[in-house]
Amino acid sequence: EEDFGRASSMSAGFGFSVGDIVGGLRLIKQSIEAVQDSKGSSADYQALIHEIDSLKDGLEAIEDLRLDQRFGPNSKQGLAVQDAVSRCWLCVDTFLSRTAKYQPWLQSDAAPGSGWKANLKKIQWALCKKDDVSRFRAQLERHCSSISMLLVTLQV
């Protein structure tokens, strides 16, 4: 009788749990969404590139103000704005160089790719770069706030 009690209290392990199955299904869903044209990785990447292009236009406009000529080459405020703009450019350039390998697969004029490599890059972008993009946007927000504050002090 005691042996039956022990045997019935033992459970067989399958090596995965319900949480593992849910996680796997979530990964499959994200992978499917990543390769869809309308709301997938390509659309996300293109929206990010449009944001970066708008930022670049703003940075170029600030550079066109020629603050060193308006306030003198040694103006603390002018130098601070130039430094902040330079740091913002560096942030953008660093991000773009780190993500350059995804560009051919995600840009708007990319050849429609149903190939495995194109889909793999889209899935990698969706799953691996999401946090990088969030950090990048937070960095840009800090840079833009700094630049805005400096420009206000110049009353430009």
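Which residues are buried in α8? In α8, the buried residues are Val133, Phe136, Leu140, His143, Ile147, Leu150, Leu151 and Leu154. Please keep in mind throughout that the model before you is predicted.

Let me first set out the overall plan. The protein chain contains eight helices and zero strands. Read from the N terminus, its elements run α-α-α-α-α-α-α-α. The chain has 156 residues, of which 25% count as buried. Its accessible surface comes to about 10,900 Å², and carbon and sulfur atoms account for 54% of that area. As for contacts, take those between residues at least 6 apart in sequence: 76% of them join residues at least 24 apart.

Helix α3 covers residues 41–64, which is 24 residues. From its first C-alpha to its last it reaches 34 Å, close to the 34 Å expected at 1.5 Å a residue. Its buried residues are Ser41, Ser42, Tyr45, Leu48, Ile52, Leu55, Leu59 and Ile62. Helix α8 has 25 residues and reaches 36 Å between its first and last C-alpha, close to the 36 Å expected at 1.5 Å a residue.

What follows each of these helices? After α3 comes Arg66, with a positive phi near 50°. That is a positive value in a residue other than glycine. Arg66 is found in the loop between α3 and α4, the latter being residues 67–71. With a relative accessible area of 45%, Arg66 is partly exposed. After α8 comes Gln155, whose phi is also positive, near 55°.

The next topic is the interior. In soluble globular proteins, nonpolar side chains tend to be buried together. Here, the largest nonpolar core has 25 residues, and the members that touch the most others are Val81, Trp125, Phe136 and Ile147. The elements giving two or more residues to this core are α3, α5 (residues 76–98) and α8 (residues 130–154). Helix α5 provides the largest share, eight residues.

Which residues does Trp125 touch, leaving out those up to four places away in sequence? They are Ser41, Asp44, Tyr45, Leu48, Phe95, Thr99, Tyr102, Leu106, Lys130 and Val133. Of these, Ser41, Tyr45 and Leu48 are among the buried residues of α3, and Val133 is among those of α8.

Thr99, another residue in that list, deserves a brief remark. Thr99 lies in the loop between α5 and α6, the latter being residues 103–106. Although it is in a loop, Thr99 counts as buried, at 2% relative accessibility. Thr99 and Lys129 are 30 residues apart in sequence, while their C-alpha atoms are 8.5 Å apart in space.

How many aromatic pairs are there? The count comes to one. The pair is formed by Phe95 and Phe136, whose ring centres are 4.0 Å apart and whose planes meet at 10°. Planes under 30 degrees apart count as stacked, so this pair is stacked. Phe95 lies in helix α5 and Phe136 in helix α8, so the pair ties together parts that are 41 residues apart in sequence. Both Phe95 and Phe136 are buried.

Let me move along α8 to His143, which lies in that helix. His143 counts as buried, at 17% relative accessibility. Apart from its neighbours within four places in sequence, His143 is in contact with Ala84, Arg87, Cys88 and Cys91.

How many disulfides does a search of the whole structure find? The search finds zero. For Cys88, the nearest cysteine sulfur is that of Cys144, 5.0 Å away. A disulfide requires sulfur atoms within 2.5 Å, so Cys88 is in no disulfide. Cys91 is likewise in no disulfide, the nearest cysteine sulfur being that of Cys88, at 6.2 Å. Cys88 counts as buried, at 0% relative accessibility. Cys91 is buried too, with a relative accessible area of 11%.

Technical notes. Residues numbered from 1 in each chain as written. Predicted model: local features only at pLDDT ≥ 70, side-chain atom pairs only at ≥ 80, totals over all residues. Heavy atoms only, no water. Buried < 20%, exposed > 50% of the residue type's maximum accessible area, 1.4 Å probe, protein only. Helix = DSSP H or I, 4+ residues; strand = E, 2+ residues; numbered from the N terminus. Expected span 1.5 Å × (residues − 1). Contact = heavy atoms within 4.5 Å. Areas by Shrake-Rupley, 256 points an atom, 1.4 Å probe, with all protein chains shown as cover. Core = buried A, V, L, I, M, F, W, Y, C linked by side-chain atoms within 4.5 Å. Phe/Tyr/Trp six-rings, centres within 6.5 Å; stacked < 30°, edge-to-face > 60°.
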